Amino acid sequence: MSSEEEKTDQADLQDRLDALNAKITSQGATVRTLKKEGGAAEAIGEAVQVLQALKIEAAELAEKLKSDKPQFNRKAFDDLVLRKMFIIPSFEIHGGVKGLYDLGPPACSLKAAMIDQWRKHFVLNENMLEMECTNLTPEVVLKTSGHVDRFTDLMVKDPPTGECFRADKLLEDAVDNLLKANPSMPTEEKEEHLRIQRQADAFSPEELDQLLIKYECKGPSGTPYSPSFPFNLMFKTSIGPEGTAVGYLRPETAQGLFVNFRRLLDLNASKMPFAAAQIGMGFRNEIAPRSGLLRVREFCMAEIEHFVNPKDKDHPNFDSVADKELVLFGREDQLGSGKTRKVSCGEAVKTGLINNQTLAYFMARTQLYMEKIGMDTERLRFRQHLKTEMAHYAADCWDLEIESSYGWVECVGHADRACYDLEVHSKATKTSMVATQKVDPPQEIEIAKLKFDRKLLGQAFKGDQRIVAGILEALAENWEDFAPIATALETDGKATVDGFELTKEMLTWTKAKKVIHEIKFTPSVIEPSFGMGRILYSLLEHSFDQRPEDEQRCFMKFKPQVAPEKCAVLPISSNAECNAVVDEIAADLMDTDLATRVDKSTAALGRRYARVDELGVPFAVTVDFQTLVDGTVTMRERDSMKQIRLPKEDVASLIFMIVHSKMTWTKAKEKYPEVEAAADEEEQDGGELKPTGPTGPTVVETNSRGAFRRPAPSS
């Protein structure tokens, strides 16, 4: 088969897989809707069965495609990441704990560089207000936000030991064990058990308890499990020695910004729109952590809360990204063709694919950030949430997904959360969370003028009388907001507002006109939320590579802007004169705030190059015998292994320029002469250097291969 025919077959397979994935997405949405609306168990079971059949077919197609693609060498990758101490299991010598990892020196520096780039790209360039809020959060805050009632799974305990288990997983395992023990079970009976297994995560606590008894599920101690109970994925603790104040380790950083909205608005001189940002840790007590840094119990987040007028979500800088093309996977494409589309931000907003300019602006800025830190752009896409995935208050949501060996993984969420967050905190605390915006020229609007029957309000609402009146007066500021209440009162004689039931006798109203010079509103929130741990892991995978001539030689091709160390300085000989120049160059580099690695070991030069390549060091400066003659050194670029020769005084400034994107390696090769490496220079097994040089007087001789130090002729 010709290469063209192979490409055609691959394209056909990919088209079939894309179409199947679209069917899977559509069927998954159907299953979620059935469960959410309390559909019949039989209907849910049939829908799940169809979904599983589609997934099996898609998996078979994916395997065919996978066999013809270059495979990611996970064994070599995992070995390098662990051996070079990028990521290591926490408390390893004590057996470790699932979902907890330590970042070693290289990854710690890589993460710091990523965050530094993020802060410059977003906080500084966008004039954001950065905060650092506490990790400990009182229960009342997370109760208000809805977190206390969310993130729950049903759990059971083994009473004698207190050990906890996820109830739906126990039921699934029990069905598997039953079917395995009874291979000749009649088909009809087997299908009934499989139906129960498929619905395991949709049962109520009472239904799960009955099924666990039916399937004779028992704990490790041999006794039946306790009744199932909801398990919240947040880490619960107490604040203060009395133990009466309940708190949690925050599951996200956003709430600290929301509750500080009024102060942030005052600090910003009440100007709208504006953005606040925070970089910090989040915590989630995952039941089954997996996939390395992709699902852990403690993770670094970088979140932005952009506050904007809900009726004007245009962004002042949108024109700067309007032509930026993004790979978009809209909900219609997910349910239809199964294929992504490359669309400019301007076109996406114009056609309504992306809800508004501000959301599109931050999606484009996120794409630019990923390009800046060195992510493979061919493995990036923005996937729109389906209607069944979105919260009821959200206007539009897009996830930046990064493809790794684990598939497409959500790494950055972009959500238009509307006014939900500020409104719930405002209602819970009776605190105004409104902003104002001047109207130029002044506008005439319709309002409602209210007159209350205070006696009836007091009898009906007692201490909440003022709250009810305040809610109504706020709505009356715009007739469009008050009109539905007026209609309900006139039609039905009653209306419900924020849980309070009003009757027509409690108030009267008239429509009037008012000239306004400013408008008041509860801001909408556009929230880009970055999972820095997932981004870090994806960058490690995208940066991993192997030399084509020797697959044992692995290296990390980090961009100089984020590389943990920017330069290695190596002596070709371990004599004192070479080492003195090495120390001089290293000092210049570190004085310029460039992280530097010095390797004066006696290993062969090729082996030392390989060591720094594995750490992703982009440049290696070698001090050789010619350096002692004319003060020049060689500088090797990691990916191409090409070398240039330059004065040692230029090293620090050149690398500084490259790291700060003021110069490229291509330009550096134009400025300085390129030199050929010696034939054995890149070999790792060329023997070791002698720790000492010639003991007597020496002279430097030069030939076509370079300069060499030799014993001086006797006089």
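Is F91 buried or exposed? F91 is exposed, with a relative accessible area of 53%, where exposed denotes over 50% relative accessible area, buried under 20%, and partly exposed in between (1.4 Å probe, protein chains only). The model is predicted: local features need pLDDT of at least 70, side-chain atom pairs count only at pLDDT 80 or more, and totals for chains, interfaces and linings use all residues. Residues are numbered from 1 along each chain as its sequence is written, and side-chain values use heavy atoms, with hydrogens and water left out.

**Backbone: positive phi**

- Although F91 is not a glycine, its phi is positive, at about 55 degrees.
- F91 is located in the loop between β1 (87–89) and β2 (101–103); helices (H or I, at least four residues) and strands (E, at least two) are DSSP runs, numbered from the N terminus.
- A418, also not a glycine, has a positive phi of about 55 degrees.
- The loop between β16 (407–416) and α14 (420–429) contains A418.
- A418 is buried, its relative accessible area being 16%.

**Backbone: cis peptide bonds**

- M272 and P273 are linked by a cis peptide bond, with omega near -5 degrees.
- P273 is placed in the loop between α10 (261–267) and β10 (274–283).
- The peptide bond joining D440 and P441 is cis, with omega of about 5 degrees.
- P441 belongs to strand β17 (residues 435–452).

**The sheet β6-β5-β7**

- Strands of a sheet pair through backbone hydrogen bonds, either parallel or antiparallel.
- An open sheet is formed by three strands in the order β6-β5-β7, with antiparallel pairing; two strands pair if DSSP finds at least two bridges between them.
- β6 (163–166) and β7 (229–232) stand at the edges with a single partner strand each, so one side of each has no neighbour in the sheet.
- On average, neighbouring strands of this sheet are turned by 55 degrees against each other, direction ignored; axes are lines fitted to C-alpha atoms, for helices over the stretch in contact, and angles run from 0 to 180 degrees between N-to-C directions.
- Strand β5 (residues 152–158) is joined to β6 by four bridges, and the two run antiparallel.
- Opposite M155 stands R166 in β6.

**Helix packing on the sheet**

- Helix α6 (residues 167–181) lies across β5 and β6 and runs at about 70 degrees to β6; contact means heavy atoms within 4.5 Å.
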